[in-house]
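These are my notebook entries on a structure that I am reading for the first time. I set down what I looked up, entry by entry.

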Amino acid sequence: RSMSSTKTTIPNDWRPRPHQASLYRQFGHGRTYRRGCAVWHRRAGKDSVALNLTARDMFCRVGSYWHLFPEQTQARRALWNGIDGQGRRIIDQVFPEAVRKRISSQEMLIETVNGSIWQMAGSDNFDSLVGSNPVGVVFSEWSLANPEAWEYIRPILVENDGWALFIFTPRSRNHAYRTYMQALEAQNWFRERLTVSDTKLILPVQIEEERRAGMSDAKIRQE
C-alpha cells in the first residue's frame, strides 16, 4: 500500500517468498479469509509474513492489532528486539519510522500515522489487554500458547468482524492440532501445512547433519 505523503510503501522492503504468497494474498481485511491456520516448519518465516500482512491491514482498516506469543518475554526477545536475516531490526522493517506516530518499548506498542495500533503480548497474560478491542490477532507459536486466550478473544473478533491467524510448528496432538483439524473442516478458514519438502528451504543433507548431531527422528518430523 503506497503512502504518498511519506513516499513509503507498506509492506516496507519486503515481499512474500513463493511459499508465503498464498497466505499473504488470501488472508486479511478485504481478502477471502478472516480465520487462518498456517502449520509451517521451522525457519519458514511464519512471523515475518504475519507481521507484514498485519502492517498492510493496519492501513486498510484502522484499529488495534495484537501479535501474541506464548509468553511476554518470548515476544520481546523474538520480535521486539529481534534482528532479521539482513541485519535489520524486525520492527523497523515492518514499521519504518515514516509510518510511526508513537512507539512504546515498555508496552511493545507502535501507533501508526493513520491511528492504528499494533501491540505484542503474551497469551499467558492476554487479559492484561482488556478494552483495546482488536480487529486482528496473530497467535504465534500457537501450539505452545494458552488456549484460553482464543476463547476470550474470539467473541470480540466475531462482533467487530476482525481476523485471527494461528501460526505454529506442531507439538503433538494438543489444542493447536485441534485448531488445524477444525480449519480443515471449515470452508471459511485458510489452512496450510508446509513441510521442508514443500518449501525446499532445508536440504536433505542439512537434515541428515541434524540427525547425526543427535536430533531424534521424531523431533525431525515435528520440526
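**Entry 1: terms and ground rules.** I began with pairing: two strands pair if DSSP finds at least two bridges between them. Helices (H or I, at least four residues) and strands (E, at least two) are DSSP runs, and I number them from the N terminus. I note that the model is predicted, that local features need pLDDT of at least 70 and side-chain atom pairs pLDDT 80 or more, while totals for chains, interfaces and linings use all residues. Residues are numbered from 1 along each chain as its sequence is written, and side-chain values use heavy atoms, with hydrogens and water left out.

**Entry 2: the whole chain.** I looked up the inventory and found nine helices and 10 strands in the protein chain. The chain has 223 residues, and 50% of them are buried; buried means under 20% relative accessible area, exposed over 50%, and partly exposed in between (1.4 Å probe, protein chains only). The accessible surface comes to about 11200 Å², and carbon and sulfur atoms hold 47% of that surface. These areas come from the Shrake-Rupley method with a 1.4 Å probe, and for residues only the protein chains shown count as cover. I then turned to contacts, which means heavy atoms within 4.5 Å. Of the contacts with a separation of 6 or more, 68% are between residues 24 or more positions apart.

**Entry 3: the sheet.** In what order do the strands of the open sheet lie? I read E5-E6-E7-E4-E8-E9-E3-E10, eight strands with mixed pairing. E5 and strand E10 (189-194) are the edge strands, each pairing on one side only. From one strand to the next, the twist averages 10°.

**Entry 4: the E5 end.** I followed E5 into E6 and found an antiparallel pair joined by four bridges. Ile103 has Ile110 as its bridge partner in E6. The hairpin of these two strands has four residues between them, and Met108 takes a positive phi near 50° there. E6 (residues 109-112) also pairs with strand E7 (residues 117-122), in the antiparallel sense and over three bridges. Here Leu109 stands opposite Gln119. The hairpin of E6 and E7 likewise has four residues between the strands, with Gly115 at a positive phi near 100°.

I checked both faces of E6. Leu109 and Glu111 are buried on one side, and Ile110 and Thr112 are buried on the other. In a regular strand the side chains alternate between the two faces of the sheet.

**Entry 5: Ser104.** Is Ser104 buried or exposed? Ser104 counts as buried because its relative accessibility is 14%. It lies in strand E5 (residues 100-104). Its side chain makes a polar contact of 3.2 Å with that of Glu107; a polar contact is a pair of N or O atoms within 3.5 Å, where within protein one must be able to donate a hydrogen and the other to accept it, and residues adjacent in sequence count only if both atoms are side-chain atoms. Leaving aside neighbours within four places in sequence, Ser104 is in contact with Trp80 and Leu109.

**Entry 6: the parallel strands.** I moved on to E4 (residues 64-69) and E8 (residues 134-140), which run parallel and are joined by five bridges. Tyr65 stands opposite Gly136 in E8. E8 and E9 also pair in the parallel sense over five bridges, and so do E3 and E9.

How many residues of E9 are buried? I counted six of its six. Trp163, Leu165 and Ile167 lie on one side, with Ala164, Phe166 and Phe168 on the other.

**Entry 7: helices across the sheet.** Helix H5 (residues 148-160) lies across E3, E4, E8 and E9, at about 150° to E8. Axes are lines fitted to C-alpha atoms, for helices over the stretch in contact, and angles run from 0 to 180 degrees between N-to-C directions. Helix H6 (residues 175-185) lies across E3, E9 and E10, at about 120° to E10. I also recorded that E8, H5 and E9 make a right-handed β-α-β unit: with the strands pointing away from the viewer, the path from the first strand over the helix to the second runs clockwise.

**Entry 8: Val39.** Val39 lies in strand E3 and counts as buried because its relative accessibility is 6%. Beyond its neighbours within four places in sequence, Val39 is in contact with residues including Phe168, Tyr180 and Leu194.
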